[in-house]
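I shall take you through one structure, beginning with a pocket and moving on to the strands and helices.

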Amino acid sequence: MKPNHSWQLKAFNELKPQDLYGLLKLRCSIFVVEQHAAYLDLDGLDQLAHHLFLSDSNGQVIACCRLLPPGTLYAEASIGRVAVSPEHRGQGLGHDMMLQALSLLDELFGSVPIHISAQKYLERFYASHGFETVTGEYLEDGIVHVGMVHDSHPENAESRLAIRYLGHSAFLVETAKRCILFDYGDHPARAQHGLMREGVFNPAELADKPLFILSSHQHGDHYSKTLHQFAANRADTWFVMGLDEAPSCAESPLEKTSTSLAWPHATLTIEDMTIHCSGSTDCGVSFLIEMPEAVIYHGGDLALWDDQPYYRKVYRQEVGWLTRTVNSRHLAIDLAFLPVSTSDGYQEQPLLEGLAYWADNLGARYIVPMHGHGYEQLYSRFADWAQTHGFGRTMVLARPGQAASLDLSENIL
């Protein structure tokens, strides 16, 4: 039976009970029953999506997908949960749905890039609609997938950054030229196998670009020995290890050919990146990264943790060193990751005063709060406080795996 209804697009709160039942029934019949997968379809994102679907003359949903805004599942917008009932395949519904979805995403969010996780056997289908494969193959619920991106404005790619929060102080940043992984530690505990949208670093999902892994120091919430060993055996990968002080001899106890050592007030050059390293009020360094496409700062554990004179003295010294470095090189920080909480959930006045001091002396176009695993509600509290203290635009990524995108060519107030 051919459909005689037109495609419908509804936000979650616009769905009627019979709409929602029909969508979930079709998705379950495909993704669980047909594909023999023990698969949790209800992932908490349907409430954030617009749902595109087609029903037959009996009101049964026969094709559907969901459209997610940028920063929900990926930094880019996304099309997912694409399903066509077996009885209606071969009628071109999949192609028609994809044309509808691409047009509707443009209406909803503007001409933004679109990221999908495509089953490998459908790679050619999505390529016919302008998607390009950007990752290697990876398993999702036991099925081989590839990451693909549709970009209606590739001329803006040079100015875009994609950011993914991987918990605590760990972030993955993708620029047009490289991927940078900051402070991905063994703690908090992570699943052995997982996807980056679940807060787990999965190298198979990376774009085919050079990878730079930076650990500000060797505490378990900022450093992973396993990841360090991985970096030593992967092509086009560099590992930067933060130390408390310069090594006393040329040889390092971290004998990895891909490792560069960083210590307070050292400057490293790797490829076309220059990394300026401040000291810390705890251990290791913070990173000020100068690249052709952006200037990024990751604070590591440099913060005014409490009101002791030692912390105040060292914090002001290191912020001063960073300020002189920025000024002498005529830099402007585009993106800064700042610790806004202790590991046990304190966000007291000295710490906030230190952040205000950082903003007054350095500042950044975009601020991302960090160092609060399990207490991510403090990120929003910080963002509210920062509005009155001259910070740049604050972006809150509160769920491990959450992503966001920036276009540095845009002017912000």
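Predicted model: local features only at pLDDT ≥ 70, side-chain atom pairs only at ≥ 80, totals over all residues.

**The second largest pocket**

I begin with the second largest pocket, whose volume is about 1000 Å³. Of its 44 lining residues, E76, P113, V149, R160 and A162 are the closest to its centre. A pocket here is an open set of points on a 1 Å grid over the protein atoms alone, where a 1.4 Å probe fits, with protein on both sides within 12 Å along at least five of seven lines; lining residues have an atom within 4 Å of a point. Grid points are joined across faces, edges and corners, and the volume is the space filled by probe spheres set on them.

Residues are numbered from 1 along each chain as its sequence is written, and side-chain values use heavy atoms, with hydrogens and water left out.

The strands β6, β7, β8, β9 and β21 each supply at least two residues of this lining, and β8 gives the most, with 5 residues. Helices (H or I, at least four residues) and strands (E, at least two) are DSSP runs, numbered from the N terminus. By class, the lining has 22 nonpolar, 8 polar and 14 charged residues. Ala, Val, Leu, Ile, Met, Phe, Trp, Tyr, Cys and Pro count as nonpolar, Asp, Glu, Lys and Arg as charged, and the others, Gly among them, as polar.

**Strands**

Buried means under 20% relative accessible area, exposed over 50%, and partly exposed in between, with a 1.4 Å probe and protein chains only. β2 pairs in the antiparallel sense with β1 over 4 bridges and with β3 over 6 bridges; two strands pair if DSSP finds at least two bridges between them. F53 of β2 stands opposite Q8, and its bridge partner in β3 is C64. The hairpin of β2 and β3 has 5 residues between the strands, and G59 in the turn has a positive phi of about 85°.

Elsewhere, 7 strands form an open sheet of mixed pairing, in the order β14-β15-β16-β17-β18-β19-β20. β14 and β20 stand at the edges with a single partner strand each, so one side of each is left without a neighbour in the sheet. Within this sheet, β17 and β18 pair in the parallel sense over 3 bridges.

Helix α6, residues 349–361, spans 18 Å over 13 residues, close to the 18 Å expected at 1.5 Å a residue; the expected span is 1.5 Å times one less than the number of residues. Its buried residues include L352, L355 and W358, and what covers the buried residues includes β17, α5, β18, β19 and α7. V319 is found in α5 and is buried, at 0% relative accessible area. V319 touches residues including W358 and N361, where contact means heavy atoms within 4.5 Å.

**Backbone exceptions**

Most residues other than glycine have a negative phi, and most peptide bonds are trans. R81, in strand β4, has a positive phi of about 50°. The peptide bond from H187 to P188 is cis, with omega near 5°.

Methods. Lists of a residue's contacts leave out its neighbours within four places in sequence.
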